[in-house]
Amino acid sequence: MAQPTIPNQFELMWPTLEALKALGGSGRIEEIFEAVVEQQGFSEDQLAVRRKNDDRMSRVEYHLAWARNGLKHVGAIENSSRGVWAITERGRQVTENDVLADVKAWRTEYNRQYQARKRDELTDDDANEDLLANEPDWTQQLLDRLLDLTPDAFERLAKRVLREAGFRNVEVLGKPGDGGIDGVGVYRISLVSFPVYFQCKRYRQSVGPDAVRDFRGAMAGRGEKGLLITTANFTPSALEEANRDGAPPVDLVNGEELCELLKEYELGVSTRIREVEDVEIHSEYFDQV
């Protein structure tokens, strides 16, 4: 059976801008994803199509990631150090044709410079394929490295990230009887502080709603704030379950957001800015986590 058609990144750039406008000008990755899915009316069959040889991310998610990347490079959107994407003044003013022309012009220039640097011929014949395939995918490299960590090391890394994010008294639990809770930290907002329980899932497969429900059940009687961190992605059903009416909300951090946090806090990741952002993974850092 033939797979359903998935729009390429160029076809999803304008829907991404429209989604951000509908969200009030800014939104996190999962919010943008949900808004585009609703706006475009993607079917369950379309959302179920995975990347070739890599099932950690659906084709829709993958193309949306590159759509954001292209829009960022031409100044239509920007992302903060906290993982929030926002439309810029330029993004509010451009037309759909302007966006596509600008991104394709940027790609042409980037490929020309890449050829000069690497002395390697690049082919870019099919507009429906990922024209960004030649750009190093640092997030994929980093996720592969995180998947090599032991469960204990990944929990310690999550603990470090939370501390960098402003949590206090962060403690890794991970002992028998903890009921699936990997740790807890105290987060303070002005004069108010409260415990936040976290769970880490070093997964390749997308995390479904059962994991959210199980984590929420493990928190019962302890607190109402939970953070679920994974190297993978969350299914639409998991996103819906995390914010289900009548149930304590669970905040979700997917693999791409985790990579952005590691880059922000320079935990095993450094950035050099040339004509494009150059992100380097320091593999030895993760041997010491």
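Glu 257 sits in helix α11 (residues 255–264); helices (H or I, at least four residues) and strands (E, at least two) are DSSP runs, numbered from the N terminus. This is a predicted model, in which local features need pLDDT of at least 70, side-chain atom pairs count only at pLDDT 80 or more, and totals for chains, interfaces and linings use all residues. Residues are numbered from 1 along each chain as its sequence is written, and side-chain values use heavy atoms, with hydrogens and water left out.

Glu 257 is buried at 5% relative accessibility (buried: under 20% relative accessible area; exposed: over 50%; partly exposed: in between; 1.4 Å probe, protein chains only). Leaving aside residues up to four places away in sequence, Glu 257 touches Arg 28, Ile 29, Glu 30 and Leu 252, where contact means heavy atoms within 4.5 Å.

The structure has three aromatic pairs. One of them, Phe 167 with Tyr 187, is tilted, at 4.8 Å centre to centre and 45° between the planes. Rings of Phe, Tyr and Trp (its six-membered ring) pair if their centres lie within 6.5 Å; planes under 30 degrees apart count as stacked, over 60 as edge-to-face and the rest as tilted. Phe 167 lies in the loop between α8 (151–164) and β6 (168–172), and Tyr 187 in strand β7 (residues 183–189), 20 residues apart. Phe 167 is buried at 14% relative accessible area, whereas Tyr 187 is partly exposed at 27%.

Charges over rings (NZ of Lys or CZ of Arg within 6 Å of the ring centre and within 35 degrees of the ring normal) are tabulated here.

| Charged residue | Ring | Distance from ring centre |
|---|---|---|
| Arg 68 | Trp 85 | 5.5 Å |
| Lys 225 | Phe 194 | 5.9 Å |
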